[in-house]
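Please read the following account with the sequence and the model side by side.

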Amino acid sequence: MIKLIVSDIDGTLVEDGTDKINIEIYDVIMRLKEKGIRFAAASGRQYISIKRLFEPIAEDIFYIPDGGSVVRTCDEIIFRETIDADIAKEVARDILKIPGCDMMICGMKATYVMDQTSQMARWIRDSYHFDVVQLEHLEQEIPDEILKVSLYHETD
């Protein structure tokens, strides 16, 4: 018997880089729930981005954001795997040494970037609707639990 269906979001339920979802998906998920089958949305996206996408049924699904770093509902964190902030910053410094690379440090509360005007920062903020916070420098304290560090390069 099927108890849980987990689906990726970008390139599966929505066109990559958008927040446009076919609203019929909400009805399908609710019909599954009526049959005792739960739904989880899994993504590299931040939790708040996924929650906004599924707003009409946000309380009825599970969330697996940030590449599997967290499993949660709207009210409860079931699992969380964090990264030491010093290690995340060390990885970020190495990424920024690579020509043409940008990075983001993803936390439970927000995504932290070095330049909010960069192509990557604008993309995750405007297309994916991440909550983005600009860091003044990598040595500053990040008031968050770190989940992942992502690298972005436009062509590679």
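The largest pocket holds about 210 Å³ of space, where a pocket is, on a 1 Å grid over the protein atoms alone, an open set of points with protein on both sides within 12 Å along at least five of seven lines. Grid points are joined across faces, edges and corners, and a volume is the space filled by probe spheres set on the points. This is a predicted model, in which local features need pLDDT of at least 70 and side-chain atom pairs count only at pLDDT 80 or more, while totals for chains, interfaces and linings use all residues. Residues are numbered from 1 along each chain as its sequence is written, and side-chain values use heavy atoms, with hydrogens and water left out.

The lining of the largest pocket, meaning the residues with an atom within 4 Å of a point, consists of 15 residues, and G44, M104, I124, Y128 and F130 lie nearest the centre. Helix 4 (119–126) and strand 9 (146–153) each supply at least two residues of this lining, and strand 9 gives the most, with 4 residues; helices (H or I, at least four residues) and strands (E, at least two) are DSSP runs numbered from the N terminus. By type, the pocket lining divides into 8 nonpolar, 3 polar and 4 charged residues, where Ala, Val, Leu, Ile, Met, Phe, Trp, Tyr, Cys and Pro count as nonpolar, Asp, Glu, Lys and Arg as charged, and the others, Gly among them, as polar.

A search of the whole structure also finds 1 cavity of 30 Å³ or more, a cavity being a set of points where a 1.4 Å probe fits but cannot get out.

What does the largest nonpolar core contain? This core, a set of buried Ala, Val, Leu, Ile, Met, Phe, Trp, Tyr and Cys residues joined through side-chain atoms within 4.5 Å, has 17 residues, and I9, I21, I29, A41, F54, I61 and Y63 are those with the most contacts inside it. Helix 1 (24–34), strand 2 (38–42) and helix 2 (47–53) each supply at least two of its residues. A second, separate core of 12 residues includes A92, C101, L135 and I142. In soluble globular proteins, nonpolar side chains tend to be buried together.

The loop between helix 2 and strand 3 holds D60, which counts as buried because its relative accessibility is 19%. Its side chain is joined to that of K33 by a polar contact of 2.6 Å.

Conventions:
Buried < 20%, exposed > 50% of the residue type's maximum accessible area, 1.4 Å probe, protein only. Polar contact = N/O pair within 3.5 Å; in protein donor to acceptor, adjacent residues only side chain to side chain.
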